[in-house]
Amino acid sequence: VVTNFMGTLNLLALVGGFLADAKLGRYLTIAISATIAAIGVSLLTVDTVLPSMRPPPCGDPRGAQGHECVPASGGQLALLYAALYTIAAGAGGLKANVSGFGSDQFDGRNPREERAMVFFFNRFYFCISLGSLFAVTVLVYMQDNVGRGWGYGVSAAAMVLGVVVLVAGTSKYRYRRPEGSPLTVIGRVLWTAWKKRKLPHPADAGELNGFYATKVPYTDRLRCLDKAAVVDQVDLGASPTKTKEQASMASTVTEVEEVKMVLNLLPIWSTCILFWTVYSQMTTFSVEQATRMGRRLSAGFVVPAGSLSVFLFLSILLFTSLNERLLVPLASRLTRRPQGLTSLQRVGTGLVFAIVAMAVSALVEKMRRDASLNGVAISAFWLVPQFFLVGAGEAFAYVGQLEFFIREAPERMKSMSTGLFLVTLSMGFFLSSFLVFLVHHVTRGTWIQNNLDTGRLDLFYWMLAVLGVVNFAAFVLIARRHEYKPSTSAVVAPAGEEDGSMGKEMDDVLVVKENVEGMDV
């Protein structure tokens with residue numbers, strides 16, 4: 001349920017990004033999505049508070065039979081799933097647009113704001129991790145010791161407050177006007193290039209439709225797509241007065257180059273999925289491990305199994321802070337780039353941390369299982385290293401991926417590109433569910449069982465570590481061939497400079513710097 005819910009949430013981010021880029025704009029999409037998420041958390045609160053919507057408590061997880069639970073009724077499941085997937089719909093739209101809307105607030109012509117933009121993504125994820133830390137400490141404690149209704153109630157109130165704060169700042173934001181469906185542009189370019197696949201390439205790229213009016217520098221990569229911008233007699237039509245610029249059937253060079261940018265993201269996208277498969281183990285099997293380990297700190301206090309993920313978020317906070325205060329300044333001096341490490345170098349570092357985390361997880365699980373079979377419950381704090389390593393990896397991988405997919409995407413497709421990045425989280429959670437199913441089937445249930453002591457979860461972790469090594473090798477090969485797009489700064493008008501209409505999105509003022517950064521991985 002957890003992995004499928006998280007997978008759906010991040011998959012819906014692609015829909016939220018599309019709606020923002022095509023029609024609604026980022027601000028309106030965020031406002032609507034936040035409201036939907038608030039309704040979903042409120043439904044979950046109601047579902048938790050009403051006794052009739054809860055099945056009887058499960059058995060002792062440390063007993064011989066493991067987690068033996070009475071199945072929930074159809075009505076109970078209906079309300080639960082309605083609440084969860086309402087949250088998923090709202091959170092998907094939020095996650096796809098909040099980071100992009102935040103980056104819109106920086107003026108690329110202002111040197112001070114341009115420097116601040118370097119640290120924006122790092123600080124953005126730092127604040128997200130603070131919220132996550134609060135959730136796995138204060139809220140988990142409140143749910144276990146005061147009542148689950150209170151925990152979800154606080155979350156619902158926080159969402160409502162967030163919507164109020166967002167709306168209160170409406171007059172202060174900078175906005176971008178949506179430029180139409182990015183999927184329409186992508187589909188038209190691909191279809192036109194296919195129809196004209198037999199046409200010869202023009203000897204001079206200047207003959208391509210809209211070459212001299214392009215907003216994006218022309219590149220000679222994926223030249224097969226250039227044929228979408230070739231103007232032939234069908235495009236010109238029967239009228240001899242029709243010019244190339246007026247040819248409606250041919251795509252423009254700007255559109256072709258934007259599609260090239262999106263396609264260049266996909267190879268990197270595919271190698272980011274496995275990291276989130278590793279991450280999902282921290283919210284599933286690692287918590288299950290903790291329930292079968294010693295968690296008592298004193299006679300009256302037992303650490304909730306779910307609260308051990310506090311070390312995950314502490315690690316994220318530590319490394320995002322170190323990135324800004326130590327690693328970025330040091331790397332900047334060595335590489336002479338303001339951002340220090342490139343976005344792909346950050347992602348690669350996160351992948352390495354994930355591999356090490358799975359190896360450590362396998363060793364700890366074998367030690368836990370051997371001790372448990374001898375009647376000894378080792379301390380749950382043996383799980384801290386794997387939480388810490390995955391958290392360190394996430395601090396690098398999430399920030400690197402977010403920066404990569406926003407900076408390398410076409411301006412008109414930023415939100416959809418962010419959604420594409422978040423789909424890697426979705427695919428990672430779904431891949432985790434699929435691997436669990438596949439391993440359970442292939443091993444005839446000997447590796448993964450409800451009672452971890454009779455299974456071999458350590459071998460599953462080793463399998464993920466080996467897959468991580470293979471995935472990292474593929475990532476390095478792809479990343480070394482990637483060419484970063486030319487640096488562009490987009491300047492947007494403050495709300496106060498228009499007619500004051502709160503709902504109206506404003507035009508972009510684009511300033512393009514012909515400054516191609518180094519192509520280092």
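The structure, a predicted model, holds 23 aromatic pairs, where rings of Phe, Tyr and Trp (its six-membered ring) pair if their centres lie within 6.5 Å, with planes under 30 degrees apart counted as stacked, over 60 as edge-to-face and the rest as tilted. One of them is edge-to-face, because the rings of Phe 285 and Phe 460 have centres 5.8 Å apart and planes at 70 degrees. This pair links distant parts of the chain, 175 residues apart: Phe 285 belongs to helix H9 (residues 285-291) and Phe 460 to helix H14. Helices here are DSSP runs (H or I, at least four residues; strands are E, at least two), numbered from the N terminus. Both Phe 285 and Phe 460 are buried, that is, under 20% relative accessible area, with exposed over 50% and partly exposed in between (1.4 Å probe, protein chains only).

Glu 365, in helix H11 (residues 343-373), is likewise buried, with a relative accessible area of 0%. Beyond residues up to four places away in sequence, Glu 365 touches Gln 289, Leu 452, Leu 457, Asp 458 and Tyr 461 (contact: heavy atoms within 4.5 Å).

Confidence is given as pLDDT, the predictor's value for each residue from 0 to 100.

| Region | Mean pLDDT |
|---|---|
| Protein | 79 |
| Strand E4 (residues 508-515), lowest | 34 |
| Helix H14 (residues 457-481), highest | 94 |

Over residues 488-521 the pLDDT is below 50, yet this stretch has 85 contacts beyond near neighbours in sequence.

Residues are numbered from 1 along each chain as its sequence is written. Local features need pLDDT of at least 70 and side-chain atom pairs 80 or more, while totals for chains, interfaces and linings use all residues, and side-chain values use heavy atoms, without hydrogens and water.
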